[in-house]
Amino acid sequence: MGSWGVKAKIREAVKRTSTNTFLTLRASLSLHQISQTTTHHSLLYNDLPKPTHALLLIKPHPLLSASFSSRSSTAFQLFNEMPHRDRGFEQAHFCHVIYFIKSFAARPTNVTASIAHCLAFKMGALAHLPTSTSLLTAYSRAADFSSSWALFDEILYRDVILWNAMITASVENQCFGVAVNLFVELMGEGVGLDSTTLLIVVSASSHMGNLTQGLVLHGISFKTGLLSDSFLCNALIDMYAKCGELSSSECVFGGMEYRDIISWNSMMRGCAYNNYPEKSLWYFKKMAYSSEQADNVSLTCAVSASALLGQLSFGQVIHGWGIKLGYKDISHNSFENSLISLYSQCGDIQAAEILFKEMKYKDIVSWNAMLDGLALNQRIWEAFDLLHEMQLLGCVQPDSVTVVTIIPLCAELMLLREGRAVHGLTLRREMGLDFSVTNSLIDMYSKCKDVKRAEHVFKAIPERDLVSWNAMISGYSQNGHSREAQHLFRQLLQSYSQCSLSTLLAILPSCDSSEFLQFGESIHCWQLKLGFANNPLAVNSLMLMYINCGDLVACFSLLQTVSAAADIVCWNTVMAGCTQNGHFWEALKAFNLMRQDPDVCHDSVALFNVISACGNLELLFAGGSLHGLALKTLMESDIRVQNALITMYGRCGEIENARIIFGFSCNRNLCSWNCMISAFSQNKDGRRALELFRHIEFEPNEITIVGILSACTQLGVLRHGKQIHGHVIRSRLQGNSFVSAALEDMYSNCGRLDTAFQIFQSSPERSVAAWNSMISAFGFHSNGGKAIELFHEMRECGTRPTKSTFISLLSACSHSGLVNEGLWYYSNMLELFNVEADTEHHVCMVDMLGRAGRLGEAYEFIRQMPTQPEPGVWGALLSACSYHGDLKMGREVAELLFELEPENVGYYISLSNMYVAAGRWKDAVELRRIIQDKGLKKPAAYSLIDVGMG
């Protein structure tokens, strides 16, 4: 009969028979028939009805379904080695059946167990308890728990050994609740129990994390006088540790009459499990002074604890001890794997590599430990090479831990190409259903700015966990897709009744402007409802959200509410948020409020933020005072504070102070060089910026390139700009939108508009800065029509115009004489584009009207402004009056400017030139005398030529 015929026969028979005759029917198949159905065996038995015993309705918690550790399987080892029944109970002709079952007991399969079952049935050995017990165990270890249960259910006379086997089968198949219920049933039947029974059930409670059950079992052990069994005590130590009751574990350990190596190991593992590595080492040292000799597990625990504590020297001692005891061979890989982790975490990656290369046999944990060590020590490309070597050798294939180790590297360094390659590996290895892998991929694509691929991974997950939702929401939020993040959050609320703290932290960054303030307030309500009102992370994220949405009142009100418990992190959050959003005065206010709190002391992060605020406000005196505070509190050596001081002094025009700080810095990083190059560029010292760039000690990044290109633009030296462009191409930075914008600006200012436009067209990603640079370039070259065309193309591409966009556009209209077009764009800025006009836009409008000779309109435009005009607006009108020779209006405007900015020599020079042009030499001489009396000096003009600066 073919396999499909056998399958049909069984299905039909099952329909006709009750569950109680299931095993009889199954055993009636001949050995020949079973051997023919090997290929379809799993399909055949999956179609059979499952036992419907009430105990099977209990499901273990999904978080407790992890596999046992090497020593947690003591229950099964003890069950294998427990005393056999009396020999008189056995019959001689059943011995070969038991021998046959034991021959494949190490790795039984469903087929071999079924063959043994048929053999036992034919010989009438199913009533023989040792045979039935062995069969039950074989089915369990073949992962056929339903058959184990059915066999157990049909045995009428059960002794304690059979009960122990069934409880063990339940634990082996992660049915921990079933194991506990079987124990309750055993107690009810009065069969009696032994220490093995209690040991197995304690293991089940340990995996369930059920402390109450564990306490009951401890009480039963005490009542029955079985606590003298060291195996049972070891299981109780492990159970209490896994339930977070380390003190109870120590009490059990202290009360043991005899402690074996497993007792010490259980105690050390328990301490490590509860994040007490120092206690773990203490027990290890105490064991070393006892008569017990350390084994592989003891040494592994001690090395792991040393790694957590960063005690390299003690770890090296254990390493030497392990070699002396002979634990450096194939059978003790865990010891060498823990040593690799120790050396990696303590920064001695060379020792880890030597140990890894000398290993005779490397399992997957060895490769993963070495990969993690390389990643931890920033040896990124070596980690990729090791992964490639691992695949080439083929003896061990990457698993989900390997992938989860390597993907964060791609995310951290934005290595999208390498990340996609690893994604391909996960598809080939069929890891698509592993949540840790898919969630890491979503995070990687999000951090690499590839939100579309993150979406594809997210949508391909058949059943998403909460982490998947959080990762995707965070990806949307961090990439500026606020509406998509909030829409996905609403979908999440329909799937999960409760959010986690991580969900709130993921969605809050999506509230990044005033239009999302109401949504942010609703998230605040959710935070209160879920009980996170006093959680520091939640409070800090909420304060940052209110700052991003422009509601500083709500932010400071929330800060006041938590002020009693506010630590330095809370204050730093407020100061950093204010600084990043341009609220520099508020950042200084927060710093002063923090200084009034005697329980909070500023740190380097606080100084970094307030020094940055002073730099943006060009408050040289306040910045100098903070420099003194940094010196007084010994924080000047912090590299972040040094970099902030360099930037602050550079923005305040104190370039020599910035250079001194840079020169005395002992631990400069790339950011230090970038700050100094930017300081030179901002102070129009492009030559020194180029000289500094030639001596840079790090590989330049995109920020370095933008800073040095700005210097080339100031100098107008195309030769150096081309060299920087070549470096950009070699470094593969041409795809960066900010680098492209800087190149466009450099080429257009050096007269190569065609090259600038080619770079713009070839850019894979066009940022707002790139569009603005190109619009400004066309305007600078008096091609306003093309600038307007680009503006409309920018809108069609979905890029939102900013204030800088309209400055470039209005300037282009001004230089090209497109007055009517400029007036239209200015009038519709707020209504159509949601951009509010500020001083720079007003200056552009006055300049545009003035260039066109419409001075009266320009004057009326200023007079009708809703706010007090800044001096720069009047200055633009003064320049227009000087250009067109309107002395009357020019004099009136100049008088206003003399009151607003009496120290600005440019206004005096402009009016003086107007007097000269009108032939009023006496007035011009008088104005020159005033300039001399005031001690004002006009900066000397200069021209540049390239004479080969290196």
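Colleague: Are Phe757 and Phe760 buried or exposed?
Modeller: Start with the cut-offs. Buried means under 20% relative accessible area, exposed means over 50%, and partly exposed is in between (1.4 Å probe, protein chains only). Here, both Phe757 and Phe760 are buried.

Colleague: What kind of model is this, and how are residues numbered?
Modeller: It is a predicted model, so local features need pLDDT of at least 70 and side-chain atom pairs count only at pLDDT 80 or more, while totals for chains, interfaces and linings use all residues. Residues are numbered from 1 along each chain as its sequence is written, and side-chain values use heavy atoms, with hydrogens and water left out.

Colleague: Where do Phe757 and Phe760 lie?
Modeller: Helices are DSSP runs (H or I, at least four residues), numbered from the N terminus. Phe757 and Phe760 sit in helix H45 (residues 753-762). They are three residues apart, about one helical turn.

Colleague: How many aromatic pairs does the structure hold?
Modeller: Rings of Phe, Tyr and Trp (its six-membered ring) pair if their centres lie within 6.5 Å; planes under 30 degrees apart count as stacked, over 60 as edge-to-face and the rest as tilted. The structure holds 23 such pairs. In one, Phe145 and Trp149, the ring centres are 6.5 Å apart and the planes meet at 45 degrees, so this pair is tilted. Both residues belong to helix H9 (residues 145-154), four residues apart, about one turn of the helix. Phe145 is buried, at 10% relative accessible area. Trp149 is also buried, at 2%. Now return to Phe757 and Phe760: their centres are 6.1 Å apart and their planes at 20 degrees, so that pair is stacked.

Colleague: Which residues form an aromatic cluster?
Modeller: One cluster is formed by Phe791, Phe806, Trp824, Tyr825 and Phe833.

Colleague: Which charged residue lies over the face of Phe760?
Modeller: A charge sits over a ring if NZ of Lys or CZ of Arg is within 6 Å of the ring centre and within 35 degrees of the ring normal. Over Phe760 lies Arg766, at 4.5 Å from the ring centre. Likewise, the charged end of Lys529 sits over the ring of Trp526, 5.2 Å from its centre.

Colleague: How many salt bridges are there?
Modeller: A salt bridge is a side-chain nitrogen of Lys or Arg within 4 Å of a carboxyl oxygen of Asp or Glu. The count comes to 27. Take Arg379 and Glu353, which meet at 3.3 Å, N to O. This pair links distant parts of the chain, 26 residues apart: Arg379 is in the loop between helix H22 (364-376) and helix H23 (380-393), Glu353 in helix H21 (residues 349-358). Arg863 and Glu892 meet at 3.9 Å, N to O. Arg863 lies in helix H52 (residues 855-863) and Glu892 in helix H54 (residues 887-900), so the bridge ties together parts 29 residues apart in sequence. Arg863 is partly exposed, at 47%, and Glu892 is partly exposed, at 38%.

Colleague: Which residues are linked in a network of salt bridges?
Modeller: Glu656, Arg659, Asp685 and Arg688 are.

Colleague: How many disulfides does the count come to?
Modeller: A disulfide is a pair of cysteine sulfur atoms within 2.5 Å. The count is zero. Consider Cys301: the closest cysteine sulfur, in Cys271, is 9.6 Å from its own, too far for a bond. Cys301 is buried, with a relative accessible area of 12%.

Conventions:
Helices (H or I, at least four residues) and strands (E, at least two) are DSSP runs, numbered from the N terminus.
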